[in-house]
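Subject: Structure handover

Hello,

Here is the structure you are taking over. My notes on it follow below.

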Amino acid sequence: MGCIKRIVCWLAFGTALACALNLLLVTRIPPSASVRPKMTSPSTTIDSELIQEKVYLKGEVHVLRESEYHKMHHKKRTGLSMIKDLYTYFSTTKAQYSSPSPMVTKLIERLKEDVTKRGYTDDPWYLAQKWASQVSLIPERARGLGDILAAMSGAPIIAADVGYKGTQLKATLTLKGGQRVIFKPKWYDRGEVIEGEVYAGADRHTGEIAAFHLSRLLGLTMVPLAVGRKVSLRHQILPVASRRLAATFFKQRGGQTCFYGVCYYCHRDASVCDDGHFIEGTIILWLPSKLPLQHLPHPWARTYKNTKEAKWEQYDYYCEDVLQSPWYSRDSHRLLDLMDTAVFDFLIQNGDRHHYTVVAGKADSSIVLLDNGKSFGDAFVDHLDVLAPLLQCCRLRHATYEKLVLLSGGGLSQAMEKLLALDPLAPILTPQQLQALDRRVHFVLAALHMCEDEKGGWHHVLF
């Protein structure tokens, strides 16, 4: 218990510093049976009774396990006062959307066909580039997707360099045919629980894969293509690595090859290693040069400081201030993009979108949902403040709402389990993480029903 208290104190101290998310880079719950929830085998089929949903904390953070950290850091921010009412709607919403739609099966089969069919194109890189635009990176019916994902997971690596600017370890690879991709290596085992704030820990490589398939289910087509891959650091990357990347490679006594890359917080003590032969990671397709990116401040960004709150955390009417900007007027597609992003981020529990990304020079650009690795950190915790944009603005695209209804009642976990089973690194999510997706869909629908009552009808909420 003393060990746990020391860890909690360290976390609290780290959070108080600027950019605390990165100081918590390797924070994990130790695999002690007394603090870590027992995890079912990742290969187990999802079961509606898998988790006995005993609620340990019901507030801005919804907690289904014992957590000293969340007990000690429980918040009651005035800008999120509506959350207390959300729980009432959550109970009724679960009952209302208790069974999956029969239409889910049809959606799953269509998306699976895109992934499994091969031979549609002999130039997958050209096809991916052709698809990409400022409003969509992949069409709704993506014939040839299987060819692209197969090339990403199997094409020879002809060059390797350090990743683009950022705080997280990654490498830039060039595959045969000249296609650049990002490689995010494995940090955590599938069921590992990451204690702390929603942005704690290193990137979860599996989160990028899950985010891509989730985006297709929701009809949000601005998530870069992602697929799992095992690579040999010694035989596939080091021989073609640039000097600056190669300088971060070293061998451990057991014969493991390790590297730590070049980034803001990269150092030898925070390295990743292979298992003696391979290391698994996620390959993310680099966007074509015709889509230069621009990063803009997110109106609902966090301060990452315990001693300083953002305006949205202080005022529940904050959305009215946001609406004064011409970028986010009431009929703005950009504002609705931010609402879609909030739903997406809440489902995967990504609380680290401090900026959002668009295609530079394109006023009609949709938001590009990059960097989804800070996700799926804890299947037993729902950080409800990630939904703040939706809770405060009470608006969403009608199409997104319809997809949420379609995927409610267990439909989302069913669909994600079947789609993720097609990835080379399957299983990608644990049964607990899949069930958490279903629970979070009910929270989003509860928020929308609460908004409908507050605003006086769906015509004031859905657009």
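The model is a predicted one. In it, the axes of helix 16 (residues 411–420) and helix 17 (residues 431–455) approach to within 7 Å, crossing at roughly 145°. The crossing of helix 16 past helix 17 is right-handed. On the side of helix 16, the contact is formed by G411, L412, S413, M416 and E417; helix 17 supplies L434, L437, D438 and V441. By type, the residues of this contact are five nonpolar, two polar and two charged.

Helix 4 (residues 83–96) contains T93. With a relative accessibility of 1%, T93 counts as buried, because the cut-off for that class is under 20%. Apart from its neighbours within four places in sequence, T93 has contacts with H442, L445, A446 and H449.

Strand 10 (residues 279–285) is linked to strand 6 by six bridges, and the two run antiparallel. Within that pair, V231 lies opposite I279 of strand 10, and V227 has I283 as its bridge partner.

How many residues of strand 10 are buried? The count is seven of seven, so strand 10 is mostly covered, with "buried" taken as under 20% relative accessible area. As background, side chains in a regular strand alternate between the two faces of the sheet.

There is also an open sheet of three strands, ordered 7-8-9 and paired antiparallel. Strand 7 (249–251) and strand 9 (272–273) are at its edges; each has a single partner strand, so one side of each is left without a neighbour in the sheet. Strand 7 is joined by three bridges to strand 8 (residues 257–259), and these two run antiparallel.

Finally, some totals for the chain. The protein chain has 17 helices and 13 strands. It has 463 residues, of which 58% are buried. Taking the contacts between residues at least 6 apart in sequence, 74% join residues at least 24 apart. The accessible surface of the protein chain is about 19,700 Å², and carbon and sulfur atoms account for 53% of that area.

If you want to check a few items by eye, these can be found directly in the viewer:

- the contact of helix 16 with helix 17, including M416 on helix 16 and L437 on helix 17;
- T93 and its contacts, among them H442 and H449;

Regards

Terms used:
Residues numbered from 1 in each chain as written. Predicted model: local features only at pLDDT ≥ 70, side-chain atom pairs only at ≥ 80, totals over all residues. Heavy atoms only, no water. Axes fitted to C-alpha atoms, helices over the stretch in contact; angles between N-to-C directions. Helix = DSSP H or I, 4+ residues; strand = E, 2+ residues; numbered from the N terminus. Left-handed = near helix turned anticlockwise from the far one by under 90°. Contact = heavy atoms within 4.5 Å. Nonpolar A, V, L, I, M, F, W, Y, C, P; charged D, E, K, R; others polar. Pairing = 2+ DSSP bridges. Buried < 20%, exposed > 50% of the residue type's maximum accessible area, 1.4 Å probe, protein only. Areas by Shrake-Rupley, 256 points an atom, 1.4 Å probe, with all protein chains shown as cover.
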